[in-house]
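Trainee: I would like to learn how to read a model like this one. Can we go through it feature by feature?

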Amino acid sequence: MAYDGEDKILEEVTGKAYEFGFTTDIDSDKAPVGLNEDIIRLISTKKNEPEWLLEWRLKAFETWQAMVEPEWPHLQYKKPDFQAISYYAAPKQKKELASMDEVDPELRKTMDKLGISLEEQKRLSGVAVDFVMDSVSVATSFKDKLAELGIIFCSMSEAVLEHPELVKKYIGSVVPVRDNYYAALNSAVFTDGSFCYIPKGVKCPMELSTYFRINESGTGQFERTLVIADESSYVSYLEGCTAPQRDENQLHAAVVELIALKDAEIKYSTVQNWYPGDEEGKGGVYNFVTKRGICHTRSKISWTQVETGSAVTWKYPSCVLKGDDSVGEFYSVAVTNNMQQADTGTKMIHLGKRTRSTIISKGISAGKSQNSYRGLVQIMPNADHARNFSQCDSLLMTDRCGAHTFPYIETKNPTAQVEHEATTSKIGEDQIFYCLQRGIDEEQAISLIVNGYAKEVLNKLPMEFAVEAQKLLAISLEGSVG
Amino acid sequence: MLTIKNLHAQVEDTPILKGLNLEIGSGEVHAIMGPNGSGKSTLASVLAGREDYEVTAGSVDFDGTDLLELDASDRAREGLFLAFQYPVEIPGVSNLNFMKAAINAKREHQGLEAITAKDFLALVKEKSALVELSGRLRDRSVNEGFSGGEKKRNEIFQMAMLEPKLAVLDETDSGLDIDALRIVSEGVNAMRDAGRSFLVITHYQRLLDHIVPDHVHVLSDGQIVKSGPKELALELEAKGYDWIKEGIA
């Protein structure tokens, strides 16, 4: 393709405003900037937390202070100034709400723009939505219906107060405080998140979904999510994100822990569309997330993610296959455009006998972005007859972007079977011309081709999410071939 | 339907078409034959609007429109169809979704509503019967894992779905066994119509036993050097292309 054509396309890309770049004007109850023990005490007090949790936080803070930010990812970014962030912001909305009518109209408008208004969700989709805005859950629906089955689905703050025994038992059990720099920070300062418990033998009849949204300028987001599937239970959990446009970098360091007890199954799906910054990469969200699940005997955890946003993504949803015959899966589509950088992948730690894992990773790089897959498959000495299959594909949209694969395989058991396949391809001009000749314009052609490429992963998403994800892929890549 | 005047085109500074003239009337079937490298496939690509092919002189009128002014997708929406010599695979995109996107692009261009699911399925059923395209092939990804013959049948299926004004068949017979050749030809013949023209590009006479042309042209070194009735194809088959070349010399 001619160079002037590329320039034109680049102009189009950069000229396109971020679709969800709006902010909601709500008064926030905001902590002063900076991080020290007093701030942590403030967070804990604001949330009426029990003493043990405050102590846990303070210990995490101590641990974090002794750690250094990791340098190993294939990422270049200005390290966040952790003293320039406000660690707590809650919408001023204290009283309990009896119905949707009592929700702040500004807030409802935001939800409408996101296309996830609660009344619509309630009426149409049968999805219970725990809407997290600036760290405090403001509305929860379908709770009664879930309660009948004994399912607990609430904000983390509520769980701390209502179900302290479960929180205390499982928090930090999969992602220990000292696991990594960002996990330690999160443990010290997390403000809210979601909590889910599925009792023994219960199949959760609806997709549980939480929409996260960063809404306070300069407020770091430190979500903490804990999903516990008790023996022989099943749950499908959805997490989706959009963020408003900002000039300064917004840090996001979430921790998600999944616990699948004997014979349980957890399906965790994410569509992530945080503001990626402008064409220079300025103003985008920094996304440093630790997601990990533990599988007990014959249980299964399946991670599916569609990553299109953030300026910098550092994320490795992982499975610790502890129980015999347990199964871990990771399906990922990661799109980077303009100056975005993503270093993402998974870790599959095989401890139990006959444990199996599957990794399907589809990277799509456009603009001048850098897209890396980083994965670890580890077969420990006791994991007899463990099996892994990994497939890592990369699709390049331009000649100026980068795709990298860093697969690590460690096998300490001779009976293990580990397979790894990787491909890199450039989007075919032949394919685009074929579409054009059938009357399909270039934008739609790219959307078709890219969605086809990512189909194996998109198919793993629940229906409504898959549709949203397809649109996101198309929007993220508009005018990006060169 | 199509009037090509003094068409010159090049690929990466190498002139390939050197003053080509051709007139195709409505409802007519024209065959273009010629040796390898004479410019047959270039003509198909230039008409379809492929980017790497640069038109340096001449004009192409398509049913009253300046074809060269339109980009590739608009040419298609105006009713120009190219059956590819090498149909392209698009993994993960179902054949039917692909066709639906194409049909709706054309309908939008014509100011029509998107086709309903019911009408679309009825159309698929009718048109796939034309080229004996099984449900298995229709539902698979575009051309992925299709045999050579299946790909060509899929091209004709797409043509039937899109109902073009002008269909350019670029060596559709290459790589076909005798049964596939018959199926493809019958599909084309069923679509012959007073309002639809065909430009059949082929290296061999055998396709023209099945799709009988109104006119046969011989392309050599970027120009049409001889035109005649369908019998010309038989003569070429018997005498080879050298006979034409000698005739010019």
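Trainee: How are α11(A) and α13(A) set to each other: parallel, antiparallel, perpendicular or oblique?

Mentor: Some ground rules come before the answer. This is a predicted model, in which local features need pLDDT of at least 70, side-chain atom pairs count only at pLDDT 80 or more, and totals for chains, interfaces and linings use all residues. Residues are numbered from 1 along each chain as its sequence is written, while chains are lettered from A and ligands numbered from 1 in the order in which they are written. Helices (H or I, at least four residues) and strands (E, at least two) are DSSP runs, numbered from the N terminus. An axis is a line fitted to C-alpha atoms, for helices over the stretch in contact, and angles run from 0 to 180 degrees between N-to-C directions. Under 35 degrees counts as roughly parallel, over 145 as roughly antiparallel, 65 to 115 as roughly perpendicular, and the rest as oblique. Now the case. Helix α11 (residues 442–453) of chain A packs on helix α13 (residues 463–476) of chain A at about 125 degrees, with the axes 9 Å apart. The two are therefore oblique to each other.

Trainee: Which hand does the crossing of α11(A) and α13(A) have, left or right?

Mentor: Look at the near helix. If it is turned anticlockwise from the far one by less than a right angle, the crossing is left-handed; if clockwise, right-handed. Here the crossing is right-handed.

Trainee: Which residues of α11(A) and α13(A) meet?

Mentor: Contact means that the C-beta atoms, placed from the backbone, lie within 7 Å. S447(A), V450(A) and N451(A) in α11(A) meet Q470(A), L473(A) and A474(A) in α13(A). For classes, Ala, Val, Leu, Ile, Met, Phe, Trp, Tyr, Cys and Pro are nonpolar, Asp, Glu, Lys and Arg are charged, and the others, Gly among them, are polar. This contact has three nonpolar, three polar and no charged residues.

Trainee: At what angle do α2(A) and α3(A) pack?

Mentor: Helix α2 (residues 37–46) of chain A and helix α3 (residues 51–65) of chain A pack at about 150 degrees, and their axes are 10 Å apart. That makes α2(A) roughly antiparallel to α3(A). Their crossing is right-handed. From α2(A), E37(A), I40(A), R41(A) and S44(A) meet L53(A), L54(A), R57(A), L58(A) and F61(A) in α3(A). By class, that contact has five nonpolar, one polar and three charged residues.

Trainee: How does α3(A) pack against α9(A)?

Mentor: With helix α9 (residues 181–189) of chain A, α3(A) makes an angle of about 150 degrees, and the axes lie 7 Å apart. So α3(A) is roughly antiparallel to α9(A). This crossing is left-handed. R57(A), A60(A), F61(A), T63(A) and W64(A) in α3(A) meet Y181(A), A184(A), L185(A), S187(A) and A188(A) in α9(A). The class count is seven nonpolar, two polar and one charged.

Trainee: Now sheets. In what order do the four strands of the open sheet in chain B run?

Mentor: Strands of a sheet pair through backbone hydrogen bonds, either parallel or antiparallel. Two strands count as paired if DSSP finds at least two bridges between them. The order is β2-β1-β4-β5 in chain B, with antiparallel pairing. Strand β4 (residues 53–62) of chain B joins β5(B) over two bridges. There, D61(B) stands opposite D66(B) in β5(B).

Trainee: Which strands form the six-stranded open sheet of chain B?

Mentor: They run β6-β9-β10-β3-β11-β12, and the pairing is mixed. β6 (80–83) and β12 (223–228) of chain B are the edge strands. β6(B) runs parallel to strand β9 (residues 166–170) of chain B, with four bridges. F81(B) faces A167(B) in β9(B).

Trainee: How many residues does each chain give to the contact between chain A and chain B?

Mentor: Chain B gives 20 residues and chain A gives 16 residues. On chain B's side, α3(B) supplies the largest share, five residues.

Trainee: What is the average pLDDT of chain A?

Mentor: pLDDT is the predictor's confidence in each residue, from 0 to 100. Chain A averages 80, and 77% of its residues score at least 70.

Technical notes. Contact = placed C-beta atoms within 7 Å.
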